Amino acid sequence: MAAATAAAAAALLSGGSGPIPSTTLQIQPFVSPLPFRRRGRTVHVSNASSSPSSPPTPEKEAVAEAVPLPTAESCVNLGLELFSKGRVRDALDQFENALELNPTPIEAQAALYNKACCHAYREESKKAAECLRTALRDYNLKFGTILNDPDLAPFRASPEFKELQEEALRGGEDIGSGFRRDLKLISEVQAPFRGVRRFFYVALTAAAGISTFFTIPRLILAVQGGDGAPDLLETAGNAAINIGGIVMLVALYFWENKKEEKQITQISRNETLSRLPVRLSTNRIIELVQLRDITRPVILAGSKASVTRAMQRAERYRTELLKRGVLLIPVIFGASQKDQTKPRGFGTRRAAASAPSVGGDFEKRTESIAAKSRLKAEVRFKADIVSPEQWESWIRDQQESEGVTPGEDVYIILRLDGRVRRSGIGMPNWNDILQELPRLEDLMSKLER
């Protein structure tokens, strides 16, 4: 039950009522592109002769009124149209124009976000990061949108994205606290009594502090001795208990905070994992989040020889592993250096007829029972990774968090709800996995969802 609640809460990171993805602000009909950049109204220049200029005719006024004035909204819409046609440089100009035309907060957010998509396509990661940082800080952009959008896939594989994500995890004035607030909400769902425990730690610390405040003068009197002085051993014992309690309660409070930070980091890492793309045997490209409640992905990462041997051994247990919903995902280290193909924004969308992309409608498809049934029929025993550099980056981060040397052979088993079940060094023992994982129709599998 708790896992299902956490998975539902994780949907908060998917955007919700937050920012507008790269298909937004289509409020008015398409506005034809202007041949120049301009602010304000059209300027009519009179003839340089000394004779008075003739009054404008109705025909000239009609022509002048027919020329639309540029607005931030029209520039954003035009930029989206150009971006969808592959004219990235022209689209970038339109988004920059929109930012110069006194945009509303929503228009500025859309212009900055789509400008970042253009920079990501052009592999200008630093410029993309600056645009996104401004949108996060000043215009309430949800970080979950950055995680979801396929147009930003090249950016998510860059060091600048990792730096931006770390800033968002910390929160603060430079980038805003929206992402951290959402992660804390999910953390509270997964650990609902942490806040109660911290409240009692603070309350008991305050009580022990007050008691110590009154005990110290009594201890001084006991040390000085004399008539009416309290018992020294008893007073010293009370003071020691109070001080020891304060130290213990403060340590517990900081321990809870440390656990929360670790949990928030893991939630963020799980969210990043859920957005990694794979290619099914039917050549369909999906994200791992779409496989929730359907399969248990088992990630085999390492050298080509190690992964190949593990895959061959798994073939002996294929039938039983399939009954447990196992989907093998091999990740060979170094493959990203050989693979020159990258998901490049709208290029994936234009090829959607042959290979559906991980577009913005994935949430609707995963919520549909019929769509899940079709997807389940496409899932076989193995799926290939898409964008190897993103997969390797995530696995190396996971290795560092677990104290494993980056680049070492590892395996990672996911739960049906998409969270990490367990991981280990080397390749898995398939007999142990068959003993550990229940079949999909068993009660334990239903609870895991």
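Two rings of Phe, Tyr or Trp make an aromatic pair here if their centres lie within 6.5 Å. By that rule this predicted model holds five aromatic pairs.

**Close-up 1. Phe199 and Phe200 pair up edge-to-face.** The two ring centres sit 5.7 Å apart, and the planes are at 70° to one another. Phe199 has a relative accessible area of 55%, so it counts as exposed. Phe200 comes in at 48%, so it is partly exposed.

**Close-up 2. Phe213 and Phe214 form an edge-to-face pair too.** Here the centres are 5.4 Å apart, with 85° between the planes. Phe213 is exposed, at 61% relative accessibility, and Phe214 is exposed as well, at 55%.

**Close-up 3. Three Phe rings make a cluster.** Ring pairs tie Phe143, Phe155 and Phe161 together.

**Close-up 4. Leu249 is a residue of helix α12.** That helix covers residues 232–274. Leu249 has a relative accessibility of 10%, so it counts as buried. Look past its neighbours within four places in sequence, and you'll find Leu249 touching Tyr201, Leu204 and Thr205. Phe200 lies 49 residues from Leu249 in sequence, yet their C-alpha atoms are 9.0 Å apart in space.

**Close-up 5. Helix α3 packs against helix α5.** The axes of α3 (residues 72–84) and α5 (residues 105–121) are 10 Å apart, at an angle of about 25°. Angles under 35 degrees count as roughly parallel, so that's how α3 runs relative to α5. Their crossing is left-handed. From α3, Ala72, Glu73, Val76, Leu80 and Phe83 meet Glu107, Ala110, Ala111, Asn114, Cys117 and Cys118 of α5. Sort the residues of this contact and you get eight nonpolar, one polar and two charged.

Notes:
Residues are numbered from 1 along each chain as its sequence is written. This is a predicted model: local features need pLDDT of at least 70, side-chain atom pairs count only at pLDDT 80 or more; totals for chains, interfaces and linings use all residues. Side-chain values use heavy atoms; hydrogens and water are left out. Axes are lines fitted to C-alpha atoms, for helices over the stretch in contact, and angles run from 0 to 180 degrees between N-to-C directions. Helices (H or I, at least four residues) and strands (E, at least two) are DSSP runs, numbered from the N terminus. Angles under 35 degrees count as roughly parallel, over 145 as roughly antiparallel, 65 to 115 as roughly perpendicular and the rest as oblique. A crossing is left-handed if the near helix is turned anticlockwise from the far one by less than a right angle, and right-handed if clockwise. Contact means heavy atoms within 4.5 Å. Ala, Val, Leu, Ile, Met, Phe, Trp, Tyr, Cys and Pro count as nonpolar, Asp, Glu, Lys and Arg as charged, and the others, Gly among them, as polar. Buried means under 20% relative accessible area, exposed over 50%, partly exposed in between (1.4 Å probe, protein chains only). Rings of Phe, Tyr and Trp (its six-membered ring) pair if their centres lie within 6.5 Å; planes under 30 degrees apart count as stacked, over 60 as edge-to-face and the rest as tilted.
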